[in-house]
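The following paragraphs lead the reader through a structural model, beginning with the contact between its chains and continuing with features inside one of them.

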There are 2 protein chains.
Amino acid sequence: MPAAARAYHHGNLRAELLDAAERSIEKSGADQLSLRELAREAGVSHAAPRTHFPDRQALLQALVERGFTHLGATLRTARDQAAPDLEARLHAVIAAFVTFAATRPALVNLMFATKTTADEPHQKAAADTTAVVYDLINEGVQTGALAAGDPERYGLLLYAWAQGLATLTATGNLPPETANTLVAEAVSTFLRGNTPLP
Amino acid sequence: MPAAARAYHHGNLRAELLDAAERSIEKSGADQLSLRELAREAGVSHAAPRTHFPDRQALLQALVERGFTHLGATLRTARDQAAPDLEARLHAVIAAFVTFAATRPALVNLMFATKTTADEPHQKAAADTTAVVYDLINEGVQTGALAAGDPERYGLLLYAWAQGLATLTATGNLPPETANTLVAEAVSTFLRGNTPLP
DNA sequence: CTAGAAACTTGGCAATGACAAGATTGGCTA
DNA sequence: TAGCCAATCTTGTCATTGCCAAGTTTCTAG
């Protein structure tokens, strides 16, 4: 019995709760989120959410997981639609990251505020997201566009940069209109700083 | 009547509440923070905190403000104790940033999860923190160590990088022992990527 | 068609944040 | 020094919330 796709008393309550929760945190912050309020919005009883989420934390975690899945997909799309050279693709991916953060600041905060322990369910989704950057870096090292070195280290470095730019955007310290320019400079600085010696 | 230094019924309740709050969020996360619990720990009535903080959010904001003040001071100390050349000082500052984040992950998350609107009280403390990086960048541009360009843009770029590395450390995605190496690489990459043409 | 599981409801409890009104204390002034 | 005033803290209260237990409805597998 596929729980997610079932149409029962309410329909697919789980997904609707997550949608409402995402709207709520963007409007009032994550710590204002009320399960009972979500239930009211969905027109179900105050204990109905408990069927799908054992507690409040579980709902937030599901939100984070969905966020990473969404972000990963967004980054992959951006990569595939960019021009084929490394710089263009890196730029497209990081710019998409920043745009994502500008659109869903509260969700992004939540995603990166959650401690990462190995047994958490969002681990895989998060790894699939970082992999987008890592893979491009790997490719760059292999084609010789980047100086030989530990690709994982490069990946972490660039991912950290992207994450920082995204967070600054999400918190309003970086106006979205200048963000794009900064992303371009970050990528070109990164590449220029790691160009193999001729 | 200097409110902060007074010893009254309790002593300086305000500071003690903030200390307890910081301990609490590092132990159980910010959304588990309970004003009544803090009051109990301090041995005062459940409504006593209200004298110093109108509501829960105000306490969190005070925590953020204190955090930025502390971080700024930490960065300035690191800068002053480093070797006088630009790279060493940048490295020292960002490494101190990352160490700060590793020591107080929950506080750092809170600091960078809070939306920055102009009228918020922690604005100045936050600005004083970013200024440490900005000033070094400015100095680098003026002495010719960095290519001519918009210093503010450089500053934002490097600050974003530092913030990203700090957040990754705080969330456990970057083991503190490798963090130092990565910081060194980030700084040298940044400088290498922005060296003026000879 | 029936049994059992999944989804939801009703009722209840302890804890919390916020508020109002009163008590205590310390300093400032007249 | 007497007394007022403001800051600090207390007691009492309320609505809301998260979580839990027990029961009810609906779906589905066999």
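This is a predicted model: local features need pLDDT of at least 70, side-chain atom pairs count only at pLDDT 80 or more; totals for chains, interfaces and linings use all residues.

The model is read with local features requiring pLDDT of at least 70 and side-chain atom pairs counted only at pLDDT 80 or more, while totals for chains, interfaces and linings use all residues. Residues are numbered from 1 along each chain as its sequence is written, chains are lettered from A and ligands numbered from 1 in the order in which they are written, and side-chain values use heavy atoms, with hydrogens and water left out.

Chain B and chain A bury about 3,000 Å² between them, 62% of it on carbon and sulfur atoms; buried area is the accessible area (1.4 Å probe) that two parts lose on being put together, summed over both. Two salt bridges are counted between chain B and chain A, a salt bridge being a side-chain nitrogen of Lys or Arg within 4 Å of a carboxyl oxygen of Asp or Glu. Glu185(A) forms a salt bridge with Arg153(B), with the closest N and O atoms 3.2 Å apart.

Over all chains the structure holds 18 salt bridges. Within chain A, Arg40(A) forms a salt bridge with Glu37(A), the closest N and O atoms being 3.7 Å apart. Both Arg40(A) and Glu37(A) lie in helix α2 (residues 35-42) of chain A, three residues apart, about one turn of the helix.

Aromatic contacts complete the picture. The structure holds nine aromatic pairs over all chains, where rings of Phe, Tyr and Trp (its six-membered ring) pair if their centres lie within 6.5 Å, and planes under 30 degrees apart count as stacked, over 60 as edge-to-face and the rest as tilted. The rings of Phe97(A) and Tyr159(A) have their centres 6.0 Å apart and their planes at 45°, so this pair is tilted. Because Phe97(A) lies in helix α5 (residues 86-103) of chain A and Tyr159(A) in helix α8 (residues 151-170) of chain A, the pair ties together parts that are 62 residues apart in sequence.

How values were computed:
Helices (H or I, at least four residues) and strands (E, at least two) are DSSP runs, numbered from the N terminus.
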